[in-house]
Amino acid sequence: MARYSRVSDTVGLITLQNPPVNALSAAVRQGIVDTVKTALDDVEVNSVVICGQNGVFCGGADIREFGTPMTGPPLVPMIHAIEAANKPVVAAIEGIALGGGLELALGCHYRIAHSKAKVGLPEVTLGLLPAAGGSQRLPRLTGLPAALDLITTGRHVTAVEALKLSIVDHLTDHNTVDAAVKFAKSVAEQSLDARRISTRPCPCPPDLDALFEAAMQKVRQSARGAIAPVACVQALQAAATLPYARGMEREKELMATLFTSGQARALQYSFFAQRAVARWSIPSGARWDGSKPRPVLKTAVIGLGTMGRGITVSLAQAGLSVVAVEAQEKPLREAKQAISGMLQRGAQRRGVASALDRITYSQKLQALADVDLVIEAVFEDLELKKQLFQQLSAVCKPGAFLCTNTSTLDIDVLASQSRHPELVVGMHFFAPAHVMKLLEVVYGSRSSLETVATAMNLGKKLGKVSVAVGNCRGFVGNRMLKPYMEQGLFLLEEGATPQLVDSVLEEFGFAMGLFRMSDLSGIDVGWRVRKAEGLVQPGTSTRVRNGRRYSPLGDLLYEQGRFGQKTGCGWYRYDNSREARPDSWLYSFLEEYRARHHLAVRRIDGQEVLERCLYTLINEGFRILEEGIAAGPEDVDVIYVFGYGWPKHRGGPMFYASMVGLTKILERLEHYQQAHPDVPYLQPCVLLRRLVDSGSPPVHKWREIIQKTCSHL
Ligand code: COA
Ligand code: NAD
């Protein structure tokens, strides 16, 4: 809806009304068309101001309407009518003007913004392009390089930057609507000829071809198969080379392709999935939402290795005070130096003061007596962590939350060491912890609702995407990674090469294939985990362990001292660089291994690589849902997109499964299971069968079936 009123005698004021962000729903568009007409017909009115209610200009197209038949007036003619108006129209931008919201403002003759407002054209992040003239008007205002940057990244810019880029005309620190009304009155008599952006030429640098070639190369490299950034460049190319009307046609054509693409659906699903996981709940019937987080001001981190350093930086940068603890003097000194460097570099990059003074360092647990929350990140050693939890519950004040960053250990076992197991929770960060967006908040069987709420809230404060998950080996992310990694090894045994497997996965959109990833994170890390599970048998290469088929290839590389990038060789060789090169040693090693075990080499194609790696990972995702370890498919998908490099334009593994078709996934798993009856993880799980039996409903309907399946199990 949009409300019309007359203010200051001669100014028509149009207020968009669609909480929470005044998105341009059919009703809002209709409201704008009607109120603009009223204002233009009103003979007492000399100028018009458009604003949004509740301090928010407009969050753009109403994403909830995507995928439903279009009703109401379209945006493009609506914005053209505003631009063509014979009375000045001023946009009063408070809060945000994003997507269609900014496009609406660009159709106005003037833009006045509050100094704290943000603007942007983020359509690319939803698999689209700014198709209400944004791709044609913005470059006419800012020039091509800035428009390319804003439209292909979708980044939000501050009002101050928007002023520099000429996107807005004036800033105010006071009431924006009052300022806009005053301004509208002052320009009421002025000519509008130069104010209609669509009539301006697009300023082009002389080396236009080089500019677009570089832009295209950049998006192709970073987009990893996403089509929207490429379409954005093409739309800007049209703005630079075609008259405005033809550019608009091109914008429409490109948008039509994007709008019907699976990628846009995946990205829009991902937008809502992120918001759904923030309203966390668990499937066992208990509801976490509604439970209040407790305030956390003073925190502590124990163990300042790879993870502890990143966690400390993340906490300090979020404005929290941190007591950082290392047991020994030398590692403490080294950690202090490293953390200070990370904070200073971060502050420089972000143009803010460094948070160095928020951290105090100590070698003693007694320093933690008054903290509200502790995150331990010491070695992954159960006995060490058990002892630490006993000490912490004696040292910390009653009510302090005790969190562990363990990646594999049982939260309940650690909680049982504390006097207050209800205050214990997992906070599983990902390396590097100050950069990676994902946080798995792992609740144990005795974690209180308040404890989980507090950890989730802290995650939000740190700018993380936090997902509440149940307690099991590997939680959600690492547990699903296991079958994926193992299939890679089995494929090598059967005749594939690391390059084949990685190239297929990278073509799919992963930043890194599984062998390159293993080389980066360290072959020794996986070896330690398998050793703790009792799977490693040094000096042997038997292919059955603990009664189950096993590939010892990773262990054999470890025994050769090939730990990956850190030792210059692993699945690849590195020659003093990060570039992975094929290694003839590895080929001979694989040949010799296959010969020793009488393994027939077959030709393996890309389809098999993709299906076996991804479908086993997806199958494990179904098992996780079946067991209630994750509340819904959105939780699994958000974890994979934000923590494991799953290509965002493919939504996440569970969304991808729904796109491929559950019947197909089931059939292919059955096919591979028949072909390789001893290879683990190929057996389809109950929930997958149940969903197929229920007619493969769309992903947003799965929760219902999951609940029924869980209650039957
Ligand atoms: N259409 C429909 N609903 C929208 C919306 C849009 N364009 N933008 C935000 N919302 C909804 C969210 O779904 C959420 O609803 P919920 O409370 O039911 O979950 C609510 O508004 C608040 O959004 P949220 O993201 O939780 O709040 P925030 O303050 O962190 O961020 C925005 C606000 C506007 C910056 C953020 O929501 C955003 O980036 N929106 C998308 C903007 C966009 O891409 N527009 C172009 C569309 S093509
Ligand atoms: P790390 O070996 O780099 O660091 C561990 C640190 O703990 C060392 O600096 C050590 O000196 C210190 N330490 C050991 N005992 C201590 C004690 N009693 N008191 C104080 N400090 C002590 O290990 P990391 O990779 O940072 O892993 C830490 C934890 O995070 C582990 O539980 C690990 O499973 C988990 N984790 C690691 C990653 C990763 O990618 N490295 C990712 C997620 C979770």
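Predicted model: local features only at pLDDT ≥ 70, side-chain atom pairs only at ≥ 80, totals over all residues.
In which loop is asparagine 22 found? The legends below take up this residue and several other sites.

Residues are numbered from 1 along each chain as its sequence is written, chains are lettered from A and ligands numbered from 1 in the order in which they are written, and side-chain values use heavy atoms, with hydrogens and water left out.

**View 1. The loop between S2 and H1, with asparagine 22.** Asparagine 22 is found in the loop between S2 and H1. Helices (H or I, at least four residues) and strands (E, at least two) are DSSP runs, numbered from the N terminus. Phi of asparagine 22 is near 55°, a positive value in a residue other than glycine. Asparagine 22 is buried, its relative accessible area being 1%. Buried means under 20% relative accessible area, exposed over 50%, and partly exposed in between (1.4 Å probe, protein chains only). Proline 20 lies in the loop between strand S2 (11-16) and helix H1 (26-41), and the peptide bond that joins proline 19 to proline 20 is cis, with omega near 5°.

**View 2. Serine 8 in the loop between strand S1 (2-7) and S2.** Phi of serine 8 is near 50°, which is positive in a residue other than glycine. Serine 8 is partly exposed, with a relative accessible area of 37%.

**View 3. The surroundings of ligand 1.** Of the 19 residues around ligand 1, Gly59, Ala61, Ile63, Arg275 and Arg279 come nearest. A residue is near a molecule or strand if one of its heavy atoms lies within 4 Å of it. Nitrogen atoms of ligand 1 are 2.8 Å from a backbone N or O atom of alanine 61 and 2.9 Å from a polar backbone atom of isoleucine 63. An oxygen atom of ligand 1 lies 2.8 Å from a polar side-chain atom of arginine 279. Taken alone, ligand 1 exposes 860 Å², and the protein buries 68% of that. Accessible areas come from the Shrake-Rupley method with a 1.4 Å probe; for residues, only the protein chains shown count as cover. Strand S5 (96-98) and helix H11 (262-278) are the elements that give two or more residues to the shell, and H11 supplies the largest share, three residues.

**View 4. The surroundings of ligand 2.** Met307, Glu326, Glu380, Lys385 and Ser407 come nearest among the 20 residues around ligand 2. Oxygen atoms of ligand 2 are 3.4 Å from a polar backbone atom of glycine 305, 3.0 Å from a polar backbone atom of threonine 306 and 2.7 Å from an N or O atom in the side chain of serine 407. The protein covers 75% of the 830 Å² of accessible area that ligand 2 has on its own. Helix H12 (306-317), helix H14 (382-395) and strand S15 (424-429) are the elements that give two or more residues to the shell.

**View 5. Threonine 299 in strand S10 (residues 298-302).** Threonine 299 is buried, with a relative accessible area of 0%. Leaving out residues up to four places away in sequence, threonine 299 touches Leu315, Leu320, Ser321, Val322, Val323, Val371 and Leu373; contact means heavy atoms within 4.5 Å.

**View 6. The loop between S15 and strand S16 (438-443), with proline 432.** The peptide bond from alanine 431 to proline 432 is cis, with omega near -10°.

Key: Polar contact = N/O pair within 3.5 Å; in protein donor to acceptor, adjacent residues only side chain to side chain.
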